[in-house]
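Trainee: Could you take me on a close look at the aromatic rings in this one, and then at the helices around them? I'd like a single walk-through that I can follow on screen.

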Amino acid sequence: MENSCLISVIIVNFNSADKLLLCVQSLVDCQQDLEIIIVDNASHDESLKDVQHTFRAHQNIQFIENQENMGFAVACNQGGGVASGDYLLYLNPDCKINSHAISELRECLVQNPEAGMTGGQLLNSDGTEQVGGRRLIPTPWRTFVRVFKLRWLSPLFPRLFSDFNLHLESLPDHPIEVEAISGACMLVPRKAYDDVGGLDEGYFLHCEDLDWCMSFREKGWKIMFVPDAKISHFQGSCSRSRRIFVEWNKHKGMVRFYSKFFRHKYPVVLMWIITCGVWLRFSLLACYFSVRQFFRWFKVAGT
């Protein structure tokens with residue numbers, strides 16, 4: 001394909017139901033020159049077929065259909081490998097993008113050539129700002145503060161006890177540099193992508209976006225948050241139906257992330273304690289979800 005599309009949109013789909021159709025429709029409604037690449041990770045619902053049928057006459061939509069679930073990072077890299085645009089927009093299938101959001105994100109990159117990644121304001125269904133759209137890197141210490149709810153100490157010691165999520169801070173009126181954005185929506189210029197490379201395929205689900213943000217910053221690229229670029233993010237029902245699987249990969253990703261970037265910055269004993277704490281947290285969550293699922297099943301069986 002010739003490089004006629006300024007922006008290549010890469011969407012990784014896995015059982016997104018009607019959310020994928022809503023996402024693609026919002027992109028088409030932007031009326032911009034977009035190349036849309038949908039990488040399907042062996043979905044078994046009708047999400048992919050619905051899009052293929054609805055947009056069968058659309059020339060700038062292509063599909064990669066995996067025979068098994070390859071994970072988010074691998075699928076993103078598959079999409080990036082065939083993309084032809086000067087910019088790569090990674091967008092979750094449960095996102096509905098505002099008609100001006102892509103232009104706002106791209107303009108930020110144009111005005112800030114040292115920026116290698118931009119993200120917008122993620123919105124909940126009620127219009128409030130979602131957690132994770134702008135954040136600090138969740139170092140082991142910052143995660144400790146969040147898990148044990150020590151943020152109440154931040155007025156006294158803001159450098160030590162502030163939350164790494166920034167959505168509770170005042171919304172800026174212009175693009176600002178942040179340490180990390182959400183993988184739900186990331187616009188990357190081709191030159192930065194070629195410099196940093198794709199996502200780390202050692203992650204299956206979760207934390208690969210944080211890893212990528214760290215990699216961009218290590219290469220000297222800035223990461224920008226653009227408040228006027230608004231994206232509604234309807235976090236997936238698929239994840240809620242597979243809570244233990246999702247939590248397993250999330251916690252596994254956390255351990256990989258900490259080991260990759262912080263093992264030489266923290267004492268070995270502390271890193272060991274942190275790793276044990278991560279898996280203890282997973283074990284408690286797995287027990288909770290299992291018990292809850294059992295009582296749901298028991299209640300249904302008894303009716």
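Mentor: Here's the walk-through, starting with the rings and then moving on to the helices. Keep in mind that this is a predicted model.

The count comes to 15 aromatic pairs.

Now look for the cluster: ring pairs join Phe257, Tyr258, Phe261, Phe262 and Tyr266. Two arginines are worth a click as well. Arg242 has its charged end over the ring of Phe245, 4.2 Å from the ring's centre. Arg256 does this with Tyr203, where the charged end sits 5.4 Å from the centre of the ring.

Helices α10 and α11 come up again with helix α5 (residues 140-147). Pro140, Thr143 and Val145 are buried in α5, and the buried residues of α5 pack against α6 (158-161), α10 and α11. After α5 comes Lys149, with a positive phi near 50°.

Next, helix α3 (residues 72-82). Eight of its eleven residues are buried, so α3 is largely enclosed by the rest of the structure. Those buried residues are Phe72, Ala73, Val74, Ala75, Cys76, Asn77, Gly79 and Gly80. Strands β1 (7-13), β2 (34-41), β3 (61-66) and β4 (87-91) are among what covers them, as are helices α7 (190-196) and α8 (208-218).

Last stop: the contact between helix α1 (residues 18-29) and helix α2 (residues 47-54). Their axes come within 7 Å and cross at roughly 35°, and the crossing of α1 past α2 is right-handed. From α1, the residues involved are Leu20, Leu21 and Val24, and they meet Ser47, Leu48, Asp50, Val51 and Thr54 of α2. Sorted by type, the residues of this contact give five nonpolar, two polar and one charged. As for the spacing, an α-helix has 3.6 residues a turn, so residues three or four places apart point the same way.

Notes: Residues numbered from 1 in each chain as written. Predicted model: local features only at pLDDT ≥ 70, side-chain atom pairs only at ≥ 80, totals over all residues. Heavy atoms only, no water. Phe/Tyr/Trp six-rings, centres within 6.5 Å; stacked < 30°, edge-to-face > 60°. Lys NZ or Arg CZ within 6 Å of the ring centre and 35° of its normal. Axes fitted to C-alpha atoms, helices over the stretch in contact; angles between N-to-C directions. Helix = DSSP H or I, 4+ residues; strand = E, 2+ residues; numbered from the N terminus. Left-handed = near helix turned anticlockwise from the far one by under 90°. Contact = heavy atoms within 4.5 Å. Nonpolar A, V, L, I, M, F, W, Y, C, P; charged D, E, K, R; others polar. Buried < 20%, exposed > 50% of the residue type's maximum accessible area, 1.4 Å probe, protein only.
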